[in-house]
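Here are my notes on the model, for reading beside the coordinates.

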Amino acid sequence: MERRRKHWGWGYEDEQLSPDELRGAAQFLSGRLGFGSSEPEHPVALAEVSLPAPRLRPPEALAVICATDEYERALHCYGRSYADVLRAFRGHFEHPPDVVVHPRDEAEVQAALDWAVSAGAAVIPFGGGTSVVAGVEAAGCEGYAGVVTIDLGALDRVLEVDRVSLAARIQAGASGPGLEEQLAEHGMTLRHFPQSFQFSTLGGWIATRAGGHFATLHTHIDDLVESVRALTPAGAWESRRLPGSGAGVSPDRMLIGSEGVLGIITEAWVRIRRRPAHRASAPVRFESFEAGVEAARALSQSGLYPANCRLIDAREADLTGAGDGTHALLVLGFESAEHDVERAMATGLEICSDHGGTWSPPTRRAGGRARSGDDAITSWREAFIRAPYLRDVFIAIGVLSETFETAITWERFPAFHARVMSDVGAAIREACGAGTLTCRFTHVYPDGPAPYYTILAPARRGAELEQWAEIKRAASEAVIAGGATITHHHAVGRAHRPWYDRQRPEPFAAALRAAKAALDPTGALNPGVLIDP
């Protein structure tokens with residue numbers, strides 16, 4: 001029997017904690033945080049949910065790949081942000097799609113798109129449904145005849161592998177584990193591991209300009225795309241496969257980050273590499289977060305290009321079990337398929353030492369075998385992977401758990417960080433009475449870091465959305481006022497639109513509207529994301 005994903009939260013239905021396990025988790029987490037209830041709520045069962053009747057009926061030719069049942073419509077109603085999971089947990093599905101289409105090949109994608117547009121429906125492309133910015137929600141589509149969600153999950157194959165040029169042609173619905181498993185048969189990897197890796201898809205990564213786990217050099221999916229193919233109401237759009245080109249505005253770059261408004265991505269050629277055989281990592285401790293920032297900057301500008309250079313403030317290190325709350329932690333790592341990484345690690349640690357860093361012996365892996373090291377990295381990595389699952393538990397015990405992320409240049413970071421911690425900290429206290437705000441660097445570049453902030457605070461049951469809206473507004477205002485970007489890798493969606501509109505140049509907005517009008521004359525594709533039709 002095929003496993004079903006939870007219609008309201010992260011993961012599969014068979015991964016749901018039992019009542020006793022949930023109660024034990026509630027007692028542990030509320031005791032650790034100092035807030036939250038030890039008596040957890042339970043999600044509203046799907047059988048108790050009532051969705052409005054579908055407004056559309058698919059044509060007979062498409063009926064076999066279309067679903068209108070409550071499970072499919074609920075599953076495809078939201079992404080997986082705090083607000084999304086909270087509403088679904090409570091059984092509130094405000095904008096469910098009328099029809100969910102599961103095409104099995106590109107011809108069926110085109111047929112579904114043609115039918116939906118002819119019916120006057122809005123069309124929402126759907127990959128893994130892991131958006132945290134309301135990128136797949138049909139809010140604002142009330143003026144359409146209905147909403148059709150096109151789920152690309154069945155287009156999940158690695159179609160070709162070019163071992164000479166190190167590239168692969170992969171369908172857009174391939175999930176992270178699925179494409180990596182297929183590439184592993186060829187000894188290859190895409191090496192793109194976002195936190196949503198388990199469920200997110202190649203097409204979703206391209207559409208949202210997703211960032212992977214690796215901290216330097218090839219950090220975004222942008223760096224890995226060789227060519228893209230997409231379907232639009234005006235026809236198919238496929239770029240020529242090239243290592244680089246100076247031939248005008250890049251058609252690939254217009255699709256990367258387009259969030260479904262310029263077409264439905266069906267496949268792409270992406271750059272792959274041989275699987276790493278040599279790895280080394282070390283947890284480096286700093287007396288202050290500021291000292292760690294300077295070390296991270298020096299590493300990013302050293303030309304060493306560490307695979308991991310993730311700086312975690314003392315409070316987050318404590319909460320994740322990676323530290324005791326007295327030191328900031330920098331997770332430093334190197335890897336290579338071709339050569340030993342010992343020299344790079346030694347040089348990296350020298351740079352850390354210059355800024356007051358101390359460390360335990362590095363963990364090294366050669367030939368696939370691990371040797372001695374420090375468990376701080378393991379603790380943090382497990383917390384990183386567990387975070388989406390943990391959010392479900394936090395909602396059950398009345399803890400507001402959410403994040404926001406950005407990027408800014410090094411010389412502006414200290415003042416920017418101080419402003420964010422002050423303004424958002426005040427908003428947390430005003431909205432929740434207490435709580436924590438922590439920071440880590442997910443990526444570092446020679447010209448600046450990508451700071452990622454995490455909020456944990458006591459929620460008032462029934463008022464959580466209002467609490468989060470107040471905090472989110474303060475955070476977004478601080479980001480834009482500080483000259484940073486409203487998003488580094490979470491995308492724009494509907495949640496970031498008000499601040500994205502202020503960030504982008506108005507002439508560019510006019511050009512984007514014109515491009516959308518040419519490709520999508522009826523404004524059917526993902527209305528309200530990036531641009532108004």
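Which residues of α10 are buried?

1. Helix α10, buried side. The buried residues of α10 are Met-345, Gly-348, Leu-349, Ile-351 and Cys-352. They cover an arc of only 155° around the axis, which puts them on the same side of α10. The arc is that of the directions from the helix axis to the C-beta atoms. Buried means under 20% relative accessible area, exposed over 50%, and partly exposed in between, with a 1.4 Å probe and protein chains only. Exposed on the other side of α10 are Arg-343, Glu-350 and Asp-354.

2. Basis of the note. This is a predicted model, in which local features need pLDDT of at least 70, side-chain atom pairs count only at pLDDT 80 or more, and totals for chains, interfaces and linings use all residues. Residues are numbered from 1 along each chain as its sequence is written, and side-chain values use heavy atoms, with hydrogens and water left out. Helices (H or I, at least four residues) and strands (E, at least two) are DSSP runs, numbered from the N terminus.

3. Length of α10. This helix covers residues 342-354, 13 residues in total. From first C-alpha to last, α10 reaches 19 Å, close to the 18 Å expected at 1.5 Å a residue. The expected span of a helix is 1.5 Å times one less than its number of residues.

4. Helix α12. At 1.5 Å a residue, the 20 residues of α12 (residues 413-432) should span 28 Å. The end C-alpha atoms of α12 are 27 Å apart, which agrees. Buried in α12 are Phe-413, Phe-416, His-417, Val-420, Val-424, Gly-425, Ala-427, Ile-428, Ala-431 and Cys-432. They lie on the same side of α12, because their arc around the axis is only 165°. The face turned away from that buried side carries exposed Pro-414, Ala-415, Arg-429 and Glu-430.

5. Helix α1. Its 15 residues (residues 19-33) should span 21 Å at 1.5 Å a residue, and the end C-alpha atoms are 21 Å apart, which agrees. The buried residues here are Leu-22, Ala-25, Ala-26, Leu-29, Ser-30 and Leu-33. These cover an arc of only 120° around the axis, so they sit on the same side of α1. Asp-20, Phe-28 and Gly-31 are exposed on the face of α1 turned away from the buried side. Just after α1, Gly-34 takes a positive phi of about 85°.

6. Most residues other than glycine have a negative phi. Arg-191 has a phi near 60°, a positive value. Arg-191 is found in the loop between β7 (188-189) and α6 (202-208). It is buried, with a relative accessible area of 11%. Glu-259 also has a positive phi, of about 55°. Glu-259 is placed in the loop between α7 (251-255) and β10 (264-271). At a relative accessible area of 8%, Glu-259 is buried.

7. Contacts of Thr-189. This residue lies in strand β7. Thr-189 is buried, with a relative accessible area of 5%. What does its side chain reach at 3.0 Å? The backbone nitrogen of Arg-191. A polar contact of 2.9 Å also joins the side chains of Thr-189 and Glu-180. A polar contact is a pair of N or O atoms within 3.5 Å; within protein, one must be able to donate a hydrogen and the other to accept it, and residues adjacent in sequence count only if both atoms are side-chain atoms.

8. Arg-310. Look for Arg-310 in strand β13 (residues 308-312). Buried or exposed? Arg-310 counts as buried, because its relative accessibility is 1%. The side chain of Arg-310 reaches the backbone oxygen of His-213 at 2.6 Å.

9. Arg-279. Strand β12 (residues 278-286) holds Arg-279. At 30% relative accessibility, Arg-279 counts as partly exposed. Arg-279 and Asp-252 are 27 residues apart in sequence and 32 Å apart in space, C-alpha to C-alpha.
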